[in-house]
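Work through the exercises below with the model open.

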Amino acid sequence: MRAQVWLFSPQLHCLATHQKLSEVTYRPLIERFSRRQQQHIEYLSPSLSLHPLDGQSGMFGVLLIEALSEQVFNPILSTLISLSLARSEANIALAAAKEANQLEQMRNTLLAAVSHDLKTPLGSIIGSATTLSDTSLRLPEQTQQELLQSIAEEGYSLNRSLTKLLDISRYSIKTLIPKCDWVEPEEVIGSAIKRVEQVIKSHPINLCGDTILVSLDYTLIEQIIANLVENAAKYSPVGSEIDIQTNYRRGHFIIEIADRGCGVAPEDRLRIFERFYRSDQVKVKGTGLGLAICQLIVAAHNGEISVLSRTGGGSIFVVKIPCEKYELTDIYE
Ligand code: ADP
């Protein structure tokens, strides 16, 4: 017995066929059958029959059976096929609805974050600029300097928040494909530090690690380091040191960023990598996106990111990425 399954939606198409049955030959017959919308079995010849596949909203397909004369097709099979197709269709529709719902939720949370995190610094910038431009106030020079500095700082924070919002809306596991090239970790760390120098200027940075060349996506790794170093400074007292250590072990590039800050509570250790999650305990401003971006980038490299508490106080963020290492000793020898 040979069979062919035809579905009507989104347009008439053959879903599955026995390899010896021709789709082209039977298409006109199926087309005619679908137009008639008849709900009962049609025998085209003693060996060829068409069985409607019915769902809740009527006939959605046809099962074509080619059988030898002594073979009898049990119609219960077409009911089972209809049920199983209807179930898989319902699952697809459910998955699409879930995705649409998640997107909607994500958009709403994004909007809420945008309005709060962007409006606050913007309000402060407008306030300071308005005061400065009012000549009737005759502000002392020091106050003018303070207002200018506040504009610069709030503008910087606004820029960082906006960049993170744009990055998170651009990145997804499916679209983020690392473009790896030989990079020197020290160089990437240097440019990451430059990106966030405004926030970390009052924290001495200690860098330690061998000079190596590893195959990584420069821009993406720079982004992870910038976010982690920025956090290390944000969540630590002014003047405290930040230690950055790089390593290459068992096929993995490892970077550890350690601070002497408030640390991460054990119940928050996994949640802080979720989008928009911020610990209740912290009073510092933020979007809750920096670590989610790190997580996305690390996952795109098939790596891992985690946080440990540091002996003596503070936390250590560890990023582990599988990659190749160039043997520099080969060059020197
Ligand atoms: P943001 O810093 O903008 O809130 P992140 O995604 O970078 O967003 O961080 C999420 C949360 O993780 C922070 O709100 C904070 O509670 C916690 N966190 C991140 N880095 C540190 C750190 N170095 N020390 C303590 N807590 C941290």
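**Exercise 1. Find which residues are closest to the ligand, and how many surround the ligand.**

Solution. This is a predicted model, so treat each distance as a computed value.
- Step 1: Collect the shell with a cut-off of 4 Å between heavy atoms.
- Step 2: Look for polar pairs. A side-chain N or O atom of Asn 231 lies 2.8 Å from a ligand oxygen. For the side chain of Lys 234, the distance from an N or O atom to a ligand oxygen is 2.9 Å. Gly 288 uses its backbone: a polar atom there is 3.0 Å from an oxygen of the ligand.
- Step 3: Check the cover. The ligand alone exposes 530 Å², and the protein buries 99% of that.
- Step 4: Assign the shell to elements. α6 (218–234), α7 (290–300) and β12 (315–322) each give two or more residues. The largest share is that of α6, with 3 residues.

**Exercise 2. Give the strand order of the open sheet of 3 strands, and explain why one side of β6 and of β13 has no neighbour.**

Solution. 
- Step 1: Read the order. It is β6-β8-β13, and the pairing is antiparallel.
- Step 2: Go to the edges. β6 (181–183) and β13 (325–326) each have a single partner strand, so one side of each lacks a neighbour in the sheet.
- Step 3: Inspect one pair. Between β6 and β8 (residues 213–216) there are 3 bridges, in the antiparallel sense. Within this pair, Val 183 faces Val 214 of β8.

**Exercise 3. Describe the sheet of 5 strands and the helix that lies across it.**

Solution. 
- Step 1: Trace the order. The open sheet runs β2-β1-β5-β4-β3, with antiparallel pairing.
- Step 2: Name the edges. β2 (13–17) and β3 (42–45) pair on one side only. From one strand to the next, the twist averages 25 degrees.
- Step 3: Count bridges in one pair. β4 (residues 48–55) and β5 (residues 58–66) are antiparallel and joined by 8 bridges. Leu 48 has Glu 66 in β5 as its bridge partner.
- Step 4: Place the helix. α1 (residues 23–36) lies across β1 (2–7), β2, β3, β4 and β5. Its direction is at about 145 degrees to β5.

**Exercise 4. Examine the backbone at Pro 10 and at Arg 250.**

Solution. 
- Step 1: Most residues other than glycine have a negative phi, and most peptide bonds are trans.
- Step 2: Pro 10 sits in the loop between β1 and β2.
- Step 3: Arg 250 belongs to the loop between β9 (242–249) and β10 (252–258).

**Exercise 5. State how the chain is divided, and how far apart the C-alpha centres of domain 1 and domain 2 lie.**

Solution. 
- Step 1: Domain 1 covers 2–94, domain 2 covers 99–170 and domain 3 covers 181–332.
- Step 2: Take the C-alpha centres. Those of domain 1 and domain 2 are 61 Å apart.

Key:
Residues are numbered from 1 along each chain as its sequence is written. This is a predicted model: local features need pLDDT of at least 70, side-chain atom pairs count only at pLDDT 80 or more; totals for chains, interfaces and linings use all residues. Side-chain values use heavy atoms; hydrogens and water are left out. Two strands pair if DSSP finds at least two bridges between them. Helices (H or I, at least four residues) and strands (E, at least two) are DSSP runs, numbered from the N terminus. Axes are lines fitted to C-alpha atoms, for helices over the stretch in contact, and angles run from 0 to 180 degrees between N-to-C directions. Contact means heavy atoms within 4.5 Å. Domain bounds come from an automatic or database domain assignment. A polar contact is a pair of N or O atoms within 3.5 Å; within protein, one must be able to donate a hydrogen and the other to accept it, and residues adjacent in sequence count only if both atoms are side-chain atoms. Accessible areas come from the Shrake-Rupley method with a 1.4 Å probe; for residues, only the protein chains shown count as cover.
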